Amino acid sequence: MKDRLEAEQAERYQAHLALPKIGATGQRRLLRSRVLMVGIGGLGCPTALYLTASGVGTLGLLDDDIVDRSNLQRQVLYGTADIGKPKVQVARERLAGINPDVDLEPIEERLTPSNAMDLVEGWDLVIDGSDNFATRYVVNDACVLSRIPLISGSIFQFEGQVTVIQPPLSPCYRCLFRLPPREQPACRDAGVLAPLTGIIGSIMAAEAVKLTVAGDTALMGRLLLVDSLESSTRSVRVKSDPTCPLCGKEPSIDRPTAVAVCRSSDA
Amino acid sequence: MMVEVLLFAGLREVCGQTQMHIELAEGATVADCFADLAERFPELSGSRQSLVVAINEEYATWTDQTADGDTVAFIPPVSGG
């Protein structure tokens with residue numbers, strides 16, 4: 001990426017360039033950034049759409065799943081004809097037509113304790129839109145140990161949560177939730193309001209843009225709670241736990257570590 | 001004294017409501033408040049380590065004292081994506 005924006009880019013990103021808090025400097029930062037999206041499901045689809053349109057430099061698309069008919073109610077990158085195809089391949093094809101500035105890197109893998117450090121290496125920012133607690137703890141561990149900022153978003157029925165994690169500027173996921181709760185069913189089984197995935201995914205994309213441009217963002221150390229039934233939001237300031245086994249004073253976790261959780265399959 | 005309790009996600013399912021008012025002894029802590037709740041809804045016991053707690057939308061710990069009129073939130077993580 002050259003230092004100057006080319007004419008077509010100046011036109012494409014005009015609405016970002018008009019924002020004093022982004023401008024040409026911020027847009028160039030975006031165009032140089034490497035962002036890894038974990039999970040290209042209900043949250044990953046809208047997040048990836050907005051990050052592609054916004055002009056991140058490289059967008060990693062990590063998911064090992066194939067498109068299922070039950071995904072189509074909310075996973076907006078996929079259509080009926082895509083059923084049975086790998087999500088990351090369909091997503092890459094759909095996103096490629098939006099913005100030629102973005103290098104799309106499909107990674108058809110499942111993130112596990114053994115490959116997590118390798119998978120997050122080299123990215124400037126990781127966004128977690130995965131669909132199960134096991135992955136969420138492992139993503140958190142890998143990002144905290146690698147000192148990579150993490151945007152974590154999740155949904156359940158009519159509710160969504162978003163926070164930005166980058167110790168010591170914020171607590172980590174283990175500070176907030178030392179243990180996962182008892183089994184939580186997948187979206188397909190528990191139900192989820194389709195547009196809620198767009199709301200939460202868009203908030204995650206917005207946090208990603210702000211964090212990339214400014215190095216800080218409003219949800220760093222705050223947990224945003226969205227209730228799409230009451231159409232209300234609340235946010236709670238959260239603090240690091242000095243006894244946290246990952247980012248506390250005497251950490252005991254030095255590699256991504258599985259937590260005992262019950263199964264959760266497809267978002 | 002009375003506190004307002006806000007419940008989220010899985011706790012809403014267990015308790016069948018999003019908020020309730022609970023009468024507590026003067027000086028009751030967040031932990032006391034949750035214990036009172038868990039007495040009514042035994043399924044909640046054992047879930048403390050999976051919750052963020054807040055008083056009046058500010059970070060709180062289990063040993064923080066509540067006051068009359070406070071809003072105490074119990075927030076479990078959700079995992080859907």
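1. A residue is buried if 20 or more other C-beta atoms lie within 10 Å of its own. That cut-off matters for helix α7 of chain A, discussed next. The model is predicted.

2. Helix α7(A) is mostly covered, with twelve of its 14 residues buried. The buried ones are A:F133, A:A134, A:T135, A:R136, A:Y137, A:V138, A:V139, A:N140, A:D141, A:A142, A:C143 and A:V144. They pack against β1 (34-38), α6 (116-120), β4 (125-128), β5 (150-156), β6 (159-165) and α8 (173-176) of chain A.

3. The length of α7(A) checks out. At 1.5 Å a residue, its 14 residues (133-146) should span 20 Å, and the end C-alpha atoms are 20 Å apart, so the two agree. Just after the helix, A:R147 takes a positive phi of about 55 degrees.

4. The largest nonpolar core has 96 residues. Those with the most contacts inside this core are A:V35, A:M37, A:A48, A:V126 and A:A208. Helix α10 (residues 194-214) of chain A gives the core its largest share, nine residues. In soluble globular proteins, nonpolar side chains tend to be buried together.

5. Look at A:M37 in detail. Neighbours within four places in sequence aside, A:M37 is in contact with A:G44, A:T47, A:A48, A:L59, A:G60, A:L61, A:L62, A:I127 and A:G129.

6. Now the interface. Chain B puts 19 residues in contact with 35 residues of chain A. On the chain B side, the elements that give two or more residues are α1 (9-15), β3 (52-55), β4 (58-59) and β5 (71-75). By class, that side has ten nonpolar, seven polar and two charged residues.

Note on methods. Residues numbered from 1 in each chain as written. Chains lettered and ligands numbered in written order. Predicted model: local features only at pLDDT ≥ 70, side-chain atom pairs only at ≥ 80, totals over all residues. Core = buried A, V, L, I, M, F, W, Y, C linked by C-beta atoms within 7 Å. Helix = DSSP H or I, 4+ residues; strand = E, 2+ residues; numbered from the N terminus. Contact = placed C-beta atoms within 7 Å. Expected span 1.5 Å × (residues − 1). Nonpolar A, V, L, I, M, F, W, Y, C, P; charged D, E, K, R; others polar.
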